[in-house]
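Follow the strands first, then turn to the backbone.

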Amino acid sequence: MPTLFTKIISREIPAKIVYENDHVLAFEDIHPQAPHHVLIIPKIEISTLNDLTRENASYIGEMMLAAKEIASKLGMSSKGYRVVMNCNEDGGQTVFHIHMHLLGGRAMHWPPG
Ligand code: 5GP
């Protein structure tokens, strides 16, 4: 089912876009949890990580490559950053179009809450 992220891809809903190619789109999270908080999404609808298959799994590689590139542009490569994907209720997923959270600009804690 289309979500608000599909509407961000089609520009029906505005977002601060920081990166785009044929496979992925990345934009600033509306409620940032770190000085840099970017969401990276595939340009196809995959609801949750449970819906990943051999046929669509290459999007995960594209999302990771985008994360690496955006982190570099934001000057986070050497100090570091975190990439997170939430799945379903216990994972804290609220938008059902898979996405990576790229977080950086401060030290992250482990274990997460
Ligand atoms: P999840 O909880 O599903 O892992 O992450 C969804 C993320 O989407 C949240 O961090 C939330 O702040 C962000 N978000 C929700 N609605 C919008 C929106 O309309 N625009 C943007 N840029 N981010 C959103």
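In this predicted model, five strands make an open sheet, ordered β1-β2-β3-β5-β4, with antiparallel pairing. Strands here are DSSP E runs of at least two residues, helices are H or I runs of at least four, and both are numbered from the N terminus. Two strands pair if DSSP finds at least two bridges between them. β1 and β4 (81-84) are the edge strands, each pairing on one side only. From one strand to the next, the twist averages 20°. Axes are lines fitted to C-alpha atoms, for helices over the stretch in contact; angles run from 0 to 180 degrees between N-to-C directions.

Look at β2 (residues 24-28) and β3 (residues 36-42). They run antiparallel and are joined by five bridges. A26 stands opposite I40 in β3. Helix α2 (residues 58-73) packs on the sheet and touches β1, β2, β3, β4 and β5. Contact means heavy atoms within 4.5 Å. The direction of α2 makes about 155° with that of β3.

Now the backbone. Most residues other than glycine have a negative phi, and most peptide bonds are trans. R11, in the loop between α1 (4-9) and β1 (17-20), has a positive phi near 70°. N88 lies in helix α3 (residues 88-91), and its phi is about 55°, also positive. The W110 to P111 peptide bond is cis, with omega near 0°. P111 sits in the segment after β5 (100-104).

Residues are numbered from 1 along each chain as its sequence is written. Local features need pLDDT of at least 70, side-chain atom pairs count only at pLDDT 80 or more, totals for chains, interfaces and linings use all residues, and side-chain values use heavy atoms, leaving out hydrogens and water.
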